[in-house]
Amino acid sequence: MAETYSADELEAAKGEAQTLTARILELRDAYYERDASLASDEKYDATMHRLEELERLFPELQSQDSPTQTVGGRVQSLFDPVEHAERMLSLDNVFSLEQFTEWATKVERDSGRSVDYLCELKIDGLAINLRYENGVLTTAATRGDGVVGEDVTENIRFVKSIPTKLAGTGHPPLVEVRGEVFIPVEAFRELNAEQTAAGDRIFANPRNAASGSLRQKAEGKSADKLAQMHRRLAKLEMLVHGIGAWANPPVKSQSETYALLAEWGLPTSPYFKVVESKQEAAEFIEYYGEHRGSVSHEIDGIVIKVDELELHDELGATNRAPRWAIAYKYPPEQVNTKLLDIVVSVGRTGRATPFAVMEPVRVAGSVVRQATLHNQDVVKAKGVLIGDTVVLRKAGDVIPEVLGPVIELRDGTEREFVMPTNCPECGTELRPMKEGDIDLRCPNARSCPAQVRGRVEHVGSRGALDIEVLGEVTAAALTQPVVPEIPPLVTEAGLFELTVEDLFPIRVVVRDNETGEVKLTDAAGDGSSLEASVPKEVTPFQRLRKKTDPAFDPEATEFAGDETRVPSSNATNLIANLEKAKTSPLWRILVSLSIRHVGPVAARAVANYFGSLDAIRAASRDELAAVDGVGGIIADALIDWFAVDWHQEIIDRWAAAGVQFATPGHPGPGAAAGADGPLVGVTVVATGSLEGFTREGALEAIIAAGGKAASSVSKKTDFVAAGPGAGSKLGKAEELGIRILDADQFRTLLAEGPSAFAE
DNA sequence: CACCCTCGAGTTCA
DNA sequence: CTCGAGGGTG
């Protein structure tokens, strides 16, 4: 997939987006303000859709004043209009250091001398204009369209950092101070917690929260609601970054302006820096690109201004933005996209999980089309409707997460998600496992295709028997009838009875990339329709071979000219790997049985203690619960599992096929001989890629040395072995002051024990 | 009753 | 890798 794009493509897209934006605004203006239609509705819609598409492909191009983010003509408002004394311009954007350098080079050429730049953080908030007359705050207004904004004076008085009277003396009769109102990240979290508690909708991001809070109306509110509104306003903060409407200010540079604003008691940002070259400005941009998280408010970029005010006049402005300043925008961590549908999938445990299907969109470096919504309560809590424009981000830069809807962009066609009452795959009525459970499950564990498929896939997974070839697609292929004469596996019971001949009729496995749905097709059937729907051919169990080749059975195959089909390496490998898996350690066999609550850790404990499946089955609840790491619940889960007849069938058929259900040489039930080795009593967490170890290998090595291999870092962790690519666990370890080892030190630890690192 | 841990699921990348 | 849910332990 060509998911990356060059600076040139971005540049071209930016140009097109600007043209489209101008056109849309022109059409809107004509339509809403002058009651004249310059183009058909279809033309307008097409223009709009093209812009939306561009913004999806190039999230960098999105901005809050894009026509895709506003409705109708002027922003509809409950607030009185206020005309700014001096027009509030917006800033032009650049999206790469290259573009920034280009801009700076031009500025320096036009200035004809060296230029100092003032660099500051671009706050993701709401632009506000404060008008002070003789030092007294008279109005506060949003930017609006730059000429006329909304009067939010009453609400702004609750923002503590904004003085109603300027400090000092000698204030001009009229001055406008420009700045950004925002909500700090921490306060944003609190606010959303309160909104949830009060049953109100949560805000998708800090900017929406700031905007929403500032635009509340006091009228008609109960005392309770009024107090809540004031609390919300009190969370807002403001930082000022400029002056408008002041004929002859007594300062010569932007940085001196900031000093003056600070003297007047106005809040200025602590983060700005004056630099002497565009190279240093670029360094500032790079620095905060990496340290975005360390700032108390959200930043979506950097603003670079020419420091000297005289140059501002010389350089002037276009009709929408000054030439002496530019905004460098970081690639967004959040983007908007359309929620096309909410679909429910059923996992191997029968749990029904709704997930969002979205218009594919690029976010934090990859294209996302799906994101889990966990369960129906989460769907409700997020307040998303099918058809909504939603805010999407990557949690921890990896996992796609839907934050919430952009309510302003609703057009009334959205519909609520209704959790299905029946399993989407087998139709059985869904129900909670026990009273009070939020999760709904499909009770048809035995024959629900989704669950059978999931369990078969699980058998092959790394944590279980680690069978190569047996992945998601193969599991689907094996559990669905492709050719009517050959029944599918039905359950995992028949897995180890498979032969190459059984696999053979399964010709092609395709996955529909649009829906993610796995479909199976007989290649000899209708190959053309496959190509038409652009499916991907994966895991074919056969390949073409010349008729002259001795390695085929003419009875079992079909001919196509002088070629015939023979089993592929996938087919033979799968059978060979299944064969190998039959002698896996007992704990892996246990994991592969999909017993509730029995994962690798619990399985190891039980397998070590009892040594055979027979011994486990014969054990009483108390005996099971006596095993370290096993309690009543897991003991019950084991006993319940053995009591099901078709589970018994799995064991019988696997055993008949040669699966080993006992650890050779195990003395029988009893506390395992106290583990031996240099790491007894030591807990180690391995993270990142440790040279010379696989992920599994590192865990095995820890256990083999008698240590405990934990999966997350906590106070109890003694060592963290971290290689390149270690993520949050490394940070956690540093925070807790836990000794961190590299691959070589890890080897030493395994060989010599913790004393090698005694402090 | 905290707190820590494991389980299970979804997701995307090379 | 991360989250929520829920089990186990001190």
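Asparagine 134 is exposed, with a relative accessible area of 55%. The structure is a predicted model, and the description below begins with the surroundings of this residue.

**The hairpin of strands 4 and 5**

Asparagine 134 sits in the loop that joins strand 4 (126-133) to strand 5 (136-142). Its backbone has a positive phi of about 50 degrees, although asparagine 134 is not a glycine. The two strands form a hairpin with two residues between them, and asparagine 134 belongs to that turn. Strand 4 and strand 5 are paired in the antiparallel sense, over six bridges. Within this pairing, glutamate 133 is placed opposite valine 136 of strand 5.

Aspartate 466 is located in the loop between helix 12 (449-460) and helix 13 (472-479). With a relative accessibility of 42%, aspartate 466 is partly exposed.

Glycine 599 occupies the loop between helix 17 (586-592) and helix 18 (600-610). Its relative accessible area is 23%, and glycine 599 is therefore classed as partly exposed, since buried residues have under 20%. The C-alpha atom of glycine 599 is separated by 8.5 Å from that of alanine 464, although the two residues are 135 residues apart along the chain.

**A negative surface patch**

Which residues gather in a patch of negative charge on the surface? The patch consists of Asp116, Glu276, Glu280, Glu283, Glu286 and Glu290. One of these, glutamate 290, lies in helix 9, which spans residues 278-290. Glutamate 290 is exposed, at 67% relative accessibility.

**Accessibility of the residues discussed**

| Residue | Relative accessible area | Class |
|---|---|---|
| Aspartate 466 | 42% | partly exposed |
| Glutamate 290 | 67% | exposed |
| Glycine 599 | 23% | partly exposed |

How values were computed: Residues numbered from 1 in each chain as written. Chains lettered and ligands numbered in written order. Predicted model: local features only at pLDDT ≥ 70, side-chain atom pairs only at ≥ 80, totals over all residues. Heavy atoms only, no water. Helix = DSSP H or I, 4+ residues; strand = E, 2+ residues; numbered from the N terminus. Buried < 20%, exposed > 50% of the residue type's maximum accessible area, 1.4 Å probe, protein only. Pairing = 2+ DSSP bridges. Patch = residues over 30% accessible without salt bridge, like charges linked within 9 Å, V, L, I, M, F, W, Y side chains within 5 Å. Areas by Shrake-Rupley, 256 points an atom, 1.4 Å probe, with all protein chains shown as cover. Salt bridge = Lys/Arg side-chain N within 4 Å of Asp/Glu carboxyl O. Lys, Arg positive; Asp, Glu negative; His and termini not counted. Charge placed at Lys NZ, Arg CZ, Asp CG, Glu CD.
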